[in-house]
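Let's take a friendly walk through a protein model together. Have a look at the sequence and the structure, and then read on.

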Amino acid sequence: MKTLILYSSHDGQTKKIAAYIAEIIKENVDVKSISDVVNLQDYDRIIIGASIRYGHFNKQLYEMLEKHTALLNQKITAFFGVNLTARKPEKSTPKTNVYVRKFLQRITWQPTISAVFAGALFYPRYTFFDRVMIQFIMRITGGETDPTKEIEYTDWQKVRSFSEMFLALK
């Protein structure tokens with residue numbers, strides 16, 4: 001079976017997660033950005049991963065889904081959302097993570113499985129505006145605000161389990 005992993009990543013963590021999933025799948029897998037031109041019909045299985053930025057998924061994700069929902073609903077598919085809110089255990093499932101829950105309710109594509117992974121915080125890499133805004137959000141939510149820190153919250157075992165669950169789908 002041929003697998004496609006499409007990702008939408010702002011700071012690179014979703015791309016890193018997509019690459020890790022590809023390492024687990026190993027055979028017949030392509031990893032592409034959501035902005036790449038890809039023929040989805042060439043694939044038996046499709047995983048789509050997307051990150052949240054200021055409470056929203058990338059517009060290109062919605063455009064791609066609008067165009068390909070019928071095809072996606074005929075295939076074995078998965079979705080994973082990446083956001084910093086998921087660093088809290090009580091907000092780390094598709095049902096308890098407000099961004100992913102609303103996203104899945106809003107779209108007509110019905111992924112076979114879905115997951116939420118915590119992202120990463122890369123203060124030194126952010127622009128001044130992003131750093132200040134993310135610090136503000138983290139202060140409100142009880143997170144890290146030290147502008148010199150880079151913290152990866154991603155639970156790689158959870159990503160592995162999701163990947164293995166996807167591989168087991170028939």
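Phenylalanine 136 is partly exposed, because its relative accessible area is 47% (buried means under 20%, exposed over 50%, and partly exposed in between, with a 1.4 Å probe and protein chains only). This is a predicted model, in which local features need pLDDT of at least 70 and side-chain atom pairs count only at pLDDT 80 or more, while totals for chains, interfaces and linings use all residues. Residues are numbered from 1 along each chain as its sequence is written, and side-chain values use heavy atoms, leaving out hydrogens and water.

Phenylalanine 136 sits in helix α4, residues 128-141 (helices are DSSP runs of H or I with at least four residues, strands are runs of E with at least two, and both are numbered from the N terminus). Together with Tyr54, Phe129, Ile137 and Ile140, Phe136 forms a nonpolar surface patch with about 510 Å² of accessible area. Patch members have over 30% relative accessible area and no salt bridge, and nonpolar side chains are joined within 5 Å, like charges within 9 Å. A salt bridge puts a side-chain nitrogen of Lys or Arg within 4 Å of a carboxyl oxygen of Asp or Glu. The areas come from the Shrake-Rupley method with a 1.4 Å probe.

Now for the sheet. Five strands make an open sheet in the order β2-β1-β3-β4-β5, with parallel pairing (strands pair if DSSP finds at least two bridges between them). At the edges are β2 (29-33) and β5 (113-118), each pairing on one side only. Strand β4 (residues 76-83) is joined to β5 by six bridges, and phenylalanine 80 has alanine 115 in β5 as its bridge partner.

Two helices can be set side by side, with angles from 0 to 180 degrees between N-to-C directions of axes fitted to C-alpha atoms, for helices over the stretch in contact:

| Helix | Residues | Angle |
|---|---|---|
| α3 | 98-106 | about 145° to β4 |
| α5 | 156-168 | about 165° to β5 |

Is β5 enclosed or open? Five of its six residues are buried, so β5 is largely enclosed by the rest of the structure.

Asparagine 97, in the loop between β4 and α3, counts as buried because its relative accessibility is 0%.

Note on methods. Contact = heavy atoms within 4.5 Å.
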